[in-house]
Structure formats: C-alpha cells, structure tokens
Amino acid sequence: MNATTDFAERATSALRRCGAEAHGADTSLVVTTPIDGSVIGRLPAHSPADVDAAISGAASAFEQWRDVPAPVRGRVVRRLGELLVEHKADLAELVTLEAGKIPSEAAGEVQEMIDVCEFAVGLSRQLYGRTMPSERPGHRLMETWHPLGVVGVISAFNFPVAVWSWNTAIALVCGDPVVWKPSEITPLTAVACDALLRRAAAEAGAPEGLHHLLLGDHAVGEALVDDPRVALLSATGSTRMGRVVGPRVAARFGRCLLELGGNNAAIVTPSADLDLAVRGVVFAAAGTAGQRCTTLRRLIVHRSIADEFVERIAVACSRLRVGNPFDEGVLVGPLISERSYEQMSSALDRARADGGTVVVGGERVDVAGKGVYVSPALVRMPAQTAVVCEETFAPILYVLEYEDLDEAIKVHNGVPQGLSSSIFTLDQREAELFLARSDCGIANVNIGTSGAEIGGAFGGEKHTGGGRESGSDSWKAYMRRATNTVNYSDELPLAQGVEFG
C-alpha cells in the first residue's frame, strides 16, 4: 500500500461523504497526518477580517435564534445527532488520520458527540428556572434563564470534535450561535463537522449564520478572544494558553470557560483489586499516547504493594503494541509532533537527574514514515519533584510511594492542576475520604482518570481553569440569569421594610 497516497485519498473521501472538501483556491493551511507525516489536505486560512465577518454573522443570527422556543432549537441538534450517526465511520477515520488515535478511540469520540446531542435535545425542554418565596405580600419572586449571545469555541488537537460538540450542542439549544476556531493541526474534522451542522440547520429550517468555522493560527484565535461581541469564550488547551486568554476576556468583561492542563493521579491502596487497578491504570496512562488532559500521569502506591504493582504495570506497558493506528492490534498511536517527543525526552532526563528510575519505556519506536512513536514510560520517583508537578503531554507515568492515606492525598493534591483523580480501594472509608478531599473537578473510585461520561459536568479546579462543560447544569454557562419580581397587588411595599414617603 502506498501509505502517503492512501491517507490523502481516505481523508478526501471521508470529507466528501460528509459534504465537505479538503481543497480550495487558497491552500495556505497544509494538513499532515501524525501517522507518517504525509500531507492529507490543504485548506484556506482565515484572516482577522474573516473573524469580524463571522462574528457579525453570528451576532445577526442571534437576534432571530434567541426568540425561537428552546424545544424548536433542539430540532437542529437532533438532526445533527442523526447525521453524526450516519457519518460516524467517516468522522472517526478523520480523527484517526488527523490526531493519530486508534480507531476504537476515534469512534468513541464521535459517539461522545452523538451522546451529547441526545443530552442537549432533552435539555431543550429542561432549561428550568425557579420560584422563591417573596417577603412582600402580593409579590412573586423568580429566576428565568435567557440566551446569552455569540459563543466562541477554541478547541485542541487531542479531542478535535468531541469538545466542540459539548459546547455547540448545548449553546444551540440555549439560543446561542457558535464561532469555532479548531486547532490548526486538526482542521479537516472541523470542516466535516461544520458541513454536517450546516446541513442539519438547513433541514431543520433554522436561520442562517448559526455556526461559523475559522481556520488559522493564533492570530485568528486572538481576534476571537478580544471581540466584545463574543459573550462567552470557551477555550481548551494548555494552562499557559489560559493565562493569556482569561485576563484578555476578563478585561472586556466577557465570560470565559477554560479547560486547561491536567496532572492527574491515582492512589492504589493495599485493599485494591489489583487486577482491576492494572487495567484502569494502563489505559488511563497510555491511551491516546498520553495525549489526553485526563491522562494518568502520577501513580501513588502504598509501599507494601509498590514493587508488585509496578512490576505488573511494567509488564502490561511493555506488551502494548505501538505503531500505525490503522494496523491490527495497535493500542498506542503516534505523538502529534516531534516537539512532543522532545518535551517527553527532556522530562525523562530531568526525572533521572532527580533520582528517578525509568522502569520501562521512553524509547523511540521505528515505524515507517515520519511519524513520531514512543513506548509509554514508567518512572519510579523518590519524591514529587518539580518535573512531576508539571504536565508533559506524552505517555509518562511517575510512580510515588506512600505510607498512610492522609500522606497520599496530600501528595495527590500537591500539584497546581486539578482536573481528574481516582483511587483504587475496596475500603469504603478510604473511598469516601478521598472523594471528600480530592481537590479535582473529577474524582473517581475504582476506575481510571480518563474516559468521562457526558452526563457529568466535565472540568477542573486550580490551574485547570474552573470551567464545566457537557453534562449536569453546565448549560448555565451558556445563558444569562435574570431575577424577576412580579407585584400582583395594589400596594407597593419595599423590601426589608423600608419606608419612603
């Protein structure tokens, strides 16, 4: 098989089946696959002037969309979900080609889009306010929720479509048009999703301009961040990016929803089901080649079982097949770039300098083409040093030991990030103590740190940004709240017994 030609043709075919194209008159944005480094598409890059036009179009559409009843708005999302089911294989193939995920993970990401569409359709009939008792006779006090405005979405390469769907499906039923700036590394999946959503909107009879796609580098994203017409800016990426985006949006009094870095840990206690723990740890640490914000990066194991458990993890990691994600039996695909490997290699050097021992992994794996492949690394550390406290977006799992659970939780919480966490234990007291004290937005018992369901609000604390997306009541971020007082009496009493006149 001519892999270079095959990957380009596969990408073009998948796009066409979704009603999109990978080429145009302007081909300034060159798209490559991390599988072998070959070119799989060429697309136009947008300018800051294009950003202005897109936001103007979305703002105009908002004037109509906000007055459409929420259950009617849900019809667009319902149709989108149906189209995603129809094109699940096409989108999954594009995810594998652009992000390097193995097919089952890519299909899982598209299924996540389908699931969140179902959630959002149900939500379109449940945007509940509340009524509170008034202290004044003949008065009613209540809260109502209203569409917010244009929602800007900046997404990352590692989940090129799922995070967009979290924001977009909920924003649309809440009455908000969306302007999306995907990662410049993974624009083909974005083009396909945009085509499907435009088709869904047209078939549902929605006004034009509900969704705008912007392709390009950081200049496009910065224009979106700074525009006062963007009521909510939802950005997924590194903590470094969040330090820039957050203050700039706040300076114009806009809303910001940040999903930033993670440095997730799992505690393994002496009572744990070790067979279960091994499976949970290995997937969380090595899935997506360690390129998830929820990837397990720190393993905190009780000293009495550390040697046995580390050996079992090392054996499992050494058996993981690394290679072309389309090949049968491969579980770990490529890193997204050479720079990712350089950061991984640097982190391992620093870990060794801090007294760490690489138990297994960390080597380049030879695969045809220019793809960057590495074996997942397992590193025993004497303490939680500076490098352990940083997020390296690659498959490195640091192992630390503990004596008592209070110490383990202190180590667990002793990093700047606060996204996902877990404990493996069969002791209910240990589980409940961990759930009460983990400082992360996600805390699990007897499962790993990755693989969140869409029904629960997703997000984290501290340097992870504090945002919440997807399930639960995360819809409130996409709407504005109004407190209403209705006087149905013929008197005008003032609150708190105030007399005036």
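Predicted model: local features only at pLDDT ≥ 70, side-chain atom pairs only at ≥ 80, totals over all residues.
**Exercise 1. Helix pair**

Task: Which term describes the orientation of α10 and α11 to each other, and which handedness has their crossing?

Solution: 
- Two packed helices are described by the angle between their axes and the distance between the axes.
- Helix α10 covers residues 274–286 and helix α11 covers residues 306–318.
- Their axes come within 10 Å and cross at roughly 50°.
- Angles under 35 degrees count as roughly parallel, and 65 to 115 as roughly perpendicular.
- The pair α10 and α11 is therefore oblique.
- The crossing in which α10 passes α11 is right-handed.

**Exercise 2. Nonpolar surface patch**

Task: Which residues form a nonpolar patch on the surface, and is Phe500 buried or exposed?

Solution: 
- The patch consists of Leu494, Val498 and Phe500.
- Together these residues have about 340 Å² of accessible area.
- Phe500 lies in the segment after β21 (479–487).
- The relative accessibility of Phe500 is 78%.
- Exposed means over 50%, so Phe500 counts as exposed.

**Exercise 3. Positive phi values**

Task: What is the phi of Lys462 and of Gln496, and where is each residue placed?

Solution: 
- Lys462 is not a glycine, and its phi is positive, near 55°.
- Lys462 belongs to strand β19 (residues 461–462).
- With a relative accessible area of 36%, Lys462 is partly exposed, because this class lies between the limits of 20% and 50%.
- Gln496, also not a glycine, has a positive phi of about 60°.
- Gln496 is found in the segment after β21.
- Gln496 has 63% relative accessibility and so counts as exposed.

How values were computed: Residues numbered from 1 in each chain as written. Heavy atoms only, no water. Patch = residues over 30% accessible without salt bridge, like charges linked within 9 Å, V, L, I, M, F, W, Y side chains within 5 Å. Areas by Shrake-Rupley, 256 points an atom, 1.4 Å probe, with all protein chains shown as cover. Salt bridge = Lys/Arg side-chain N within 4 Å of Asp/Glu carboxyl O. Helix = DSSP H or I, 4+ residues; strand = E, 2+ residues; numbered from the N terminus. Buried < 20%, exposed > 50% of the residue type's maximum accessible area, 1.4 Å probe, protein only. Axes fitted to C-alpha atoms, helices over the stretch in contact; angles between N-to-C directions. Parallel < 35°, antiparallel > 145°, perpendicular 65-115°, else oblique. Left-handed = near helix turned anticlockwise from the far one by under 90°.
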